[in-house]
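I opened the model to follow a few elements from strand to helix. My entries are below.

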Amino acid sequence: MALRRCHLNPKKTLFLLCDIQEKFRPGMPLFDNMVKNVDKLTRAGKALDVPLIVTEHYPEKLGKTVPQLDVSHAKLVSGKTLFSMVTPEVKAVIKDIFSDKPEDVVLYGLESHICVEQTAIDLLEQNINVYIVADCCSSRLKQDRDLALDRLRQAGCVITTSESVIFDLVRDKNNPKFDVIRKMVNQPSVDMELTRDGTGLPVGSAKL
């Protein structure tokens, strides 16, 4: 599936925040690191007027989105039982926002190999460019996260990071929102121990 690759445009981009809920915290490695990166990315999206949709998987049992994340500007915060975020409720709001569909979706959250992966595949099937924010994703096992990212890259997603997304949306130091964004990115994103590829080797390690 050949999708068009281009710079992100805030007016044609949608942020999807997937299931970052309190009950997942104890079982997720580097959960707090992920939340810090998600907070920065989500606040930057708000500053740049990028629409946001948030889902919560079975919130009656798994709880609400973690309180460290301000999602008050979201166009929709929706509970779901489907693993994919592409539910009828979400599709209706997307159509309302874009009159049809966004060119690009920036997708991040939990779990990488289940809900994030299934959401990405559903979006790719609609010929939407999908950007997976690797330092804003997690799974209970790092190998599940890393192999999911590898599969999604092969499927046609762009695997990226929070700061890459933010600066691609800004594009120019003369952007009127740059001073606001600059304060957000003054501290680097928190390390999520991502592998370089599907080998399981950490970034910077040598292959034997």
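Which residues of α4 are buried? I looked them up: Ser112, His113, Cys115, Val116, Glu117, Thr119, Ala120, Leu123 and Leu124 are buried in α4. Buried is under 20% relative accessible area, exposed over 50%, partly exposed in between, with a 1.4 Å probe and protein chains only. Helices (H or I, at least four residues) and strands (E, at least two) are DSSP runs numbered from the N terminus.

Basis of the entries. This is a predicted model, where local features need pLDDT of at least 70 and side-chain atom pairs count only at pLDDT 80 or more, while totals for chains, interfaces and linings use all residues. Residues are numbered from 1 along each chain as its sequence is written, and side-chain values use heavy atoms, with hydrogens and water left out.

Helix α4. I checked its span. α4 has 13 residues, but its end C-alpha atoms are only 16 Å apart, short of the 18 Å that a straight helix would reach. The expected span is 1.5 Å times one less than the number of residues. Cover for the buried residues of α4 includes β1 (13-18), β3 (76-80), β4 (104-109), β5 and α5.

Ser112. I found this residue in helix α4. Ser112 is buried, at a relative accessible area of 1%. Leaving aside neighbours within four places in sequence, Ser112 is in contact (heavy atoms within 4.5 Å) with Glu117, Cys137, Ser138, Ser139, Arg145 and Ala148.

Helix α5. I turned to residues 142-155. α5 has 14 residues and reaches 20 Å from first C-alpha to last, close to the 20 Å expected. Arg145, Asp146, Ala148, Leu149 and Leu152 are buried in α5. They cover an arc of only 160° around the axis, so they lie on the same side of α5. The arc is taken from the directions from the helix axis to the C-beta atoms. On the other side of α5, Gln143 and Gln154 are exposed. The buried residues of α5 pack against α4 (112-124), β5 (129-137) and β6 (158-160). Just after α5, Gly156 takes a positive phi of about 120°.

Strand β1. I noted that 6 of the 6 residues of β1 are buried, so β1 is largely enclosed by the rest of the structure. Thr13, Phe15 and Leu17 lie on one side, Leu14, Leu16 and Cys18 on the other. β1 and β4 pair (at least two DSSP bridges) in the parallel sense over 6 bridges. Leu17 has Tyr108 as its bridge partner in β4, and Val54 in β2.
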